[in-house]
Amino acid sequence: METIEVTNLTKVYKVAKRDGGFIKNLFIPSYREVLAVDKINFSIKAGESVAFLGPNGAGKTTTLKMLTGLIYPTAGDISVLGFTPTDRKREFLSDIALVMGNKNSLSWDLTAKQNLSLFISMYKTSEGTSWKIIREMAEMLEVNSLFDTQIRKMSLGQRLKFELIAAIFHKPAILFLDEPTIGLDIISKRKIRQFLRHINETEKTTIILTSHEMADIERVCDRVIVINQGKIVFDGSMTLLTNKYKDKKYFDVILKKRVDKDKLERFGKIVYSHNLSYTFEVSREKQGEAISKIISKLPVEDIDIKPTPLDEIIEDLFSR
Amino acid sequence: MNLSEFKEGVFIRWKIVKANTMYSLQESVAYTANNWGSLASTFIFMVTFLIFVTAIYGNVKSIAGYSYSEMLVFVFIAQVNYYLTWGFSLPNVVKLGRGVKTGELDMYLTKPIPHLWFVTFRKIDLALLFSNAFPSLIPLIYLLIKNYNLQIGFGNFILGVTMIIFGQIFLHCFQFILLLGAFWSGEARGFELLAYQLGNYNEPIPFEGYPANFRNWGFVILPVIFHTALTASYLLGKTANLSLFLLVLGATIIALLVKNFVWKLALRQYSSASS
């Protein structure tokens, strides 16, 4: 069953132009139109976990905001859980959640517990059930000792974990996340990714995520929609995306001693080097030959074979 | 809308007011030193203003037909309106304007709540009323009791209280609509200043102090005039004109309808600050 269906979705922003001189700009500003999303089509099934990928200004957050009903599309149709998002029906809003990595919904002056009490009052779920779920989530995210701490005294990671709890304790059918791990340390990022994967698998929550962190996408999502300049340039599973780039392999090699660069370049294109570590790019059909040559002719300490990194795949898609 | 939907709508609104009142109280008392600072500021203002009024009435018997004790009643109403505006309308409209600019509003527009109701009653600053209003009104209440020589009828009292309620609703709608400008311009500081100015303009002139033409032409419906000047006039029995009352009632209903209408327009205009 399709949870989200988007047809010919278009968004044009009007942006003030600053080219008419000070007085004119002050009283009669002129505008130019910026096409942020350009007639995109996609559908998402219940329980899917989908990443929107794209460079800054590609239109991914605008798409997310249209899906949640925050902004009106200029043209096209959106159906989310059978609702038109901009109608902002209570039933629709009760079944979605939005978390934005760089926007706060929690008051800085209050404790986590006080903040969560306010959010509980917004939903139909009983207070007892809500607190039970909140405590379970807090335990999983390792913030259960911080209920009585003021939000402003928490670290960014702790705050974001409570933002996540406040957004999803009512068990929404769809969770929208806009850069949920921005600015976090590795441990917090990992914890949040595991948590998102867990709720996707156990609660069958549909996850729609935008992020510049490739690891977020690899760990949390099964499907990727790449948006560039307002258009979809790729829509498919993570496996399909990586398979498209299967013709290249990467060898991470650590040498025992220094070897001339000229000599090393005979084994493949060097895409990275630092001290005695090198990464070689080799075509798939030549990988067997290349690996035997590297092992037999170079003083190899360690070697690791990798597929094309997701960053590079995305960079290639962005440049199209 | 059927009865159960209506009941549910009332229930969620009641829950929001209750939760926001508690939330605002907790927020306001989170910084006790700050509360002492604002109490000192309002107390100093009240004392200096009373010295000013007392000094003037030392030389004249009445201003615009108001005796000293009537003027104290007028000042009392002005102060009550001031605290009501500062404790309820202004914090909410300012929060709304800033929320539009920062995109913080996103986080509430995606919650299953009546959004206009929520942004209207997001902050209900009872702490301000208890910690600032009551202590700073003590000198005024003392002078009122000491110099009280008025007879206020029950009907006048009811009219006066009704005027305060209408006045607060009208002023709030006016300030709210002003701040909705942020949805178009993306910035609300200028509108904020105007809203502050309107909220503060309630002390200087009793209703009878305005030129007769000004009163008769309906300028009374300017929000800054009727919530204090007309209230005092009705309360003290200086105005018995029911057509003015009906004008105010009509203006309040229209203000509520316009607020609702412009809010819907503003939401269509919302571009949500980029993240």
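Okay, some ground rules. This is a predicted model, where local features need pLDDT of at least 70 and side-chain atom pairs count only at pLDDT 80 or more, while totals for chains, interfaces and linings use all residues. Residues are numbered from 1 along each chain as its sequence is written, chains are lettered from A and ligands numbered from 1 in the order in which they are written, and side-chain values use heavy atoms, with hydrogens and water left out.

So, chain A. You'll find twelve helices and 13 strands in it; helices (H or I, at least four residues) and strands (E, at least two) are DSSP runs, numbered from the N terminus. Its C-alpha trace spans about 70 × 55 × 45 Å along the principal axes. Of its 320 residues, 50% count as buried. Buried means under 20% relative accessible area, exposed means over 50%, and partly exposed is in between, with a 1.4 Å probe and protein chains only.

Now contacts, meaning heavy atoms within 4.5 Å. Take the contacts in chain A between residues at least 6 apart in sequence: 69% of them join residues at least 24 apart.

Let's look at helix H4 of chain A, residues 112-120. Its buried residues are A:Ala112, A:Asn115, A:Leu116, A:Leu118, A:Phe119 and A:Ile120. And what covers them? The cover includes helix H5 (127-140) and helix H6 (156-168) of chain A, plus helix H1 (3-28) of chain B.

On to the largest pocket, with a volume of about 1,300 Å³. A pocket here is worked out on a 1 Å grid over the protein atoms alone: it is an open set of points where a 1.4 Å probe fits, with protein on both sides within 12 Å along at least five of seven lines, and lining residues have an atom within 4 Å of a point. Grid points are joined across faces, edges and corners, and the volume is the space filled by probe spheres set on the points. This pocket has 43 lining residues, and A:Tyr13, A:Lys14, A:Val15, B:Ser271 and B:Ser272 lie nearest its centre. Strand S1 of chain A gives the largest share of the lining, six residues.

For context, most residues other than glycine have a negative phi. A:Arg88 sits in the loop between strand S4 (75-80) and helix H3 (90-94), and A:Asn275 in the loop between strand S11 (269-274) and strand S12 (277-283). Buried or exposed, then, for A:Arg88? A:Arg88 counts as buried because its relative accessibility is 12%, while A:Asn275, at 52%, counts as exposed.

Last stop, chain B. B:Ile77 lies in helix H3 and is buried, with a relative accessible area of 4%. Setting aside neighbours within four places in sequence, its contacts include B:Ile164, B:His227 and B:Leu235. B:Ile77 and B:Leu235 are 158 residues apart in sequence, yet 9.8 Å apart in space, C-alpha to C-alpha. B:Ile145, in helix H6 (residues 126-147) of chain B, counts as exposed at 63% relative accessibility.
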